[in-house]
There are 4 protein chains.
Amino acid sequence: METMEHRSHVDTCFDCAAACEHCATACLKEEQVQMMADCIRLCRECADFCTMCGRLTARDSQFMRQFMVLCADVCQACADECGKHDHEHCKACAEACRKCADECRHMGASA
Amino acid sequence: METMEHRSHVDTCFDCAAACEHCATACLKEEQVQMMADCIRLCRECADFCTMCGRLTARDSQFMRQFMVLCADVCQACADECGKHDHEHCKACAEACRKCADECRHMGASA
Amino acid sequence: METMEHRSHVDTCFDCAAACEHCATACLKEEQVQMMADCIRLCRECADFCTMCGRLTARDSQFMRQFMVLCADVCQACADECGKHDHEHCKACAEACRKCADECRHMGASA
Amino acid sequence: METMEHRSHVDTCFDCAAACEHCATACLKEEQVQMMADCIRLCRECADFCTMCGRLTARDSQFMRQFMVLCADVCQACADECGKHDHEHCKACAEACRKCADECRHMGASA
């Protein structure tokens, strides 16, 4: 317990949360906010889930594997929505979400 | 707004949150839990504050500078307590907290 | 320590957080999302701050008074913005934010 | 969407989160901290899960039903542990956790 296990997944989760926070803020400033409504909604969800996933992983929670399974779905939904838009913040967010979805799916399956 | 400002501070905050989550969990498993009670309490506080600081910074919140001023105090208190203990997780946490306290103090002052 | 102090403020904070979450979601579904962009942004901030304020109060945190001072500002900003709109969810949110701002200001001053 | 659905479940979640925050703090001040280590650990988990469950419910999240299924497990684990102790804060927390577990299980099943 002296060193943090799964450190790299913790970083992936927090990177994704940061990308989602940034994307939500940037979307709210776009001229066509209407078109970005789902993106804003899902970025809010994904930021909350990935933040919690990072924290559960860092604390080696007994519930982290089950949480990851659900977190993978949230990341995937956000990646799919962000992937529809051409803004740089959406493209960066989609990439961070896809990476986090893959890792969560993989780690959640090894429970 | 296309790229995230203050990206490096976001990382510092989330690194500190991760160190605090890990330290709190590890402290709860130590034989001398009694001696670690303040450390556990402050790691819980600091993990919550640094997580929120990372998120506010990533979203470029209008309240982030004021939050950083307070977050610096929380990080400093946690660094001081962790610095009293010889466990590897405490030493690593104290170092992460000191770094985050310094950055928060600096950024909070430039409001 | 057997009973929770400031229980009524904890409820006020969580009520405000719930109103902000609901208002942000409802605003994202309005036809005129553009007009609601600031409301969505501030509801997101206020939901985060009030949730944390409720938790810090419930745990009797040594940092709760300082946090309340800042939380009062966030609640006030959200109340002012929500107060500009005629949607039922905005009016309910403005009222919850005003109540929370008042209590946070009062409790924060008695530090 | 003008009024918040499931308002009563939102309150149950936040009540449970508050009870867990209070219990964790009180446990850390008990003379026999060693005996309370699992209780502190699970209260931390349960406070995080119930806070998020309250927020997801208030925002009518598309992921809330799946989250409730997992949240019910966390609440049940915390109720079982708190139920072993005679402190008033543990008994109050166990009761809040059982109520939240039941509601989450019921609502999660109606997805």
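How many salt bridges are counted between chain A and chain B? The count is eight. A salt bridge here is a side-chain nitrogen of Lys or Arg within 4 Å of a carboxyl oxygen of Asp or Glu.

The model is predicted: local features need pLDDT of at least 70, side-chain atom pairs count only at pLDDT 80 or more, and totals for chains, interfaces and linings use all residues. Residues are numbered from 1 along each chain as its sequence is written, chains are lettered from A and ligands numbered from 1 in the order in which they are written, and side-chain values use heavy atoms, with hydrogens and water left out.

**View 1. Chain A against chain B.** On chain A, 27 residues are in contact with 27 residues of chain B (contact: heavy atoms within 4.5 Å). About 2200 Å² is buried between the two chains, and carbon and sulfur atoms give 53% of that area. Buried area is the accessible area (1.4 Å probe) that two parts lose on being put together, summed over both.

**View 2. A salt bridge between the chains.** R7(B) and D15(A) join their side chains in a salt bridge, 2.8 Å from N to O. Helix 1 (7-28), helix 2 (33-58) and helix 4 (88-109) of chain A each supply at least two residues of the side that touches chain B. Helices are DSSP runs (H or I, at least four residues), numbered from the N terminus. Helix 1 of chain A gives the largest share of that side, eleven residues. By class, the side of chain A that touches chain B holds nine nonpolar, six polar and twelve charged residues. Ala, Val, Leu, Ile, Met, Phe, Trp, Tyr, Cys and Pro count as nonpolar, Asp, Glu, Lys and Arg as charged, and the others, Gly among them, as polar.

**View 3. The largest cavity.** Its volume is about 450 Å³. A cavity is a set of points on a 1 Å grid over the protein atoms alone where a 1.4 Å probe fits but cannot get out; lining residues have an atom within 4 Å of a point. The volume is the space filled by probe spheres set on the points, which are joined across faces, edges and corners. The largest cavity is lined by 24 residues, and R55(A), R55(B), T51(C), R55(C) and R55(D) are the closest to its centre. This lining divides into eight nonpolar, four polar and twelve charged residues.

**View 4. The second largest cavity.** This cavity holds about 90 Å³ of space. Of its 18 lining residues, R44(A), D48(A), R55(B), R44(C) and D48(C) lie nearest the centre.

Conventions. On a 1 Å grid over the protein atoms alone, a cavity is a set of points where a 1.4 Å probe fits but cannot get out, and a pocket is an open set with protein on both sides within 12 Å along at least five of seven lines; lining residues have an atom within 4 Å of a point.
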